[in-house]
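Here's a quick briefing to read alongside the model. Take a look at the structure, then work through the notes.

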Amino acid sequence: MVMNKIESFYFEDGEESGEAIFNSFAAKHEALFLEECDAEGMENKLEYTAVYKDFCITFEAHIEKIIGMCGVSVEQFFNALKTLQEKDADNSFYVEVLLSVCDYSNFIDMMKHYKAEHSKK
């Protein structure tokens, strides 16, 4: 049940979807990011780290809320996810998705793509 809720959060549309939360966050912070920003190919502004940390806190709070609404603690959820991953390699996809969202390089790429898409409008 928890994974279904997490999956819906990531992949469905709506005000409380992962994409909507990122887009709202990115809209507030895109001005800080250079169009050519690259987490690994250039030195990044110190401000990027602060914004990244704020995003992680925001995103993790939403995940924790979903987990809590299902009557499971965060620790129980991650232990169950680890067990599922060990039993079934297909579940590693969920682990990768959860981890990738709060990966610094991935975040910088998402901000870069957001800025490129929205500067065209």
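Let's start with Ile6, which touches Ile63, Ile66, Ile67, Phe77 and Leu98, leaving aside residues up to four places away in sequence; contact here means heavy atoms within 4.5 Å. This is a predicted model, where local features need pLDDT of at least 70, side-chain atom pairs count only at pLDDT 80 or more, and totals for chains, interfaces and linings use all residues. Residues are numbered from 1 along each chain as its sequence is written, and side-chain values use heavy atoms, with hydrogens and water left out.

**The core**
- Ile6, Tyr10 and Phe107 have the most contacts inside the largest nonpolar core, which has 34 residues.
- Such a core is a set of buried (under 20% relative accessible area, 1.4 Å probe, protein chains only) Ala, Val, Leu, Ile, Met, Phe, Trp, Tyr and Cys residues joined through side-chain atoms within 4.5 Å.
- α3 gives the most to this core, with 9 residues.

**α1 against α3**
- These two helices (DSSP runs of H or I, at least four residues, numbered from the N terminus) pack at about 145 degrees, with axes 9 Å apart.
- Axes are lines fitted to C-alpha atoms over the stretch in contact, and angles run from 0 to 180 degrees between N-to-C directions.
- Val2, Lys5, Ile6, Phe9 and Tyr10 in α1 meet Phe59, His62, Ile63, Ile66 and Ile67 in α3.

**α3 against α6**
- α3 (residues 46-69) and α6 (residues 104-119) pack at about 100 degrees, with axes 11 Å apart.
- That makes α3 roughly perpendicular to α6 (65 to 115 degrees).
- Tyr48, Thr49, Val51, Tyr52 and Phe55 in α3 meet Tyr104, Phe107, Ile108 and Met110 in α6.

Definitions and conventions:
Parallel < 35°, antiparallel > 145°, perpendicular 65-115°, else oblique. Buried < 20%, exposed > 50% of the residue type's maximum accessible area, 1.4 Å probe, protein only.
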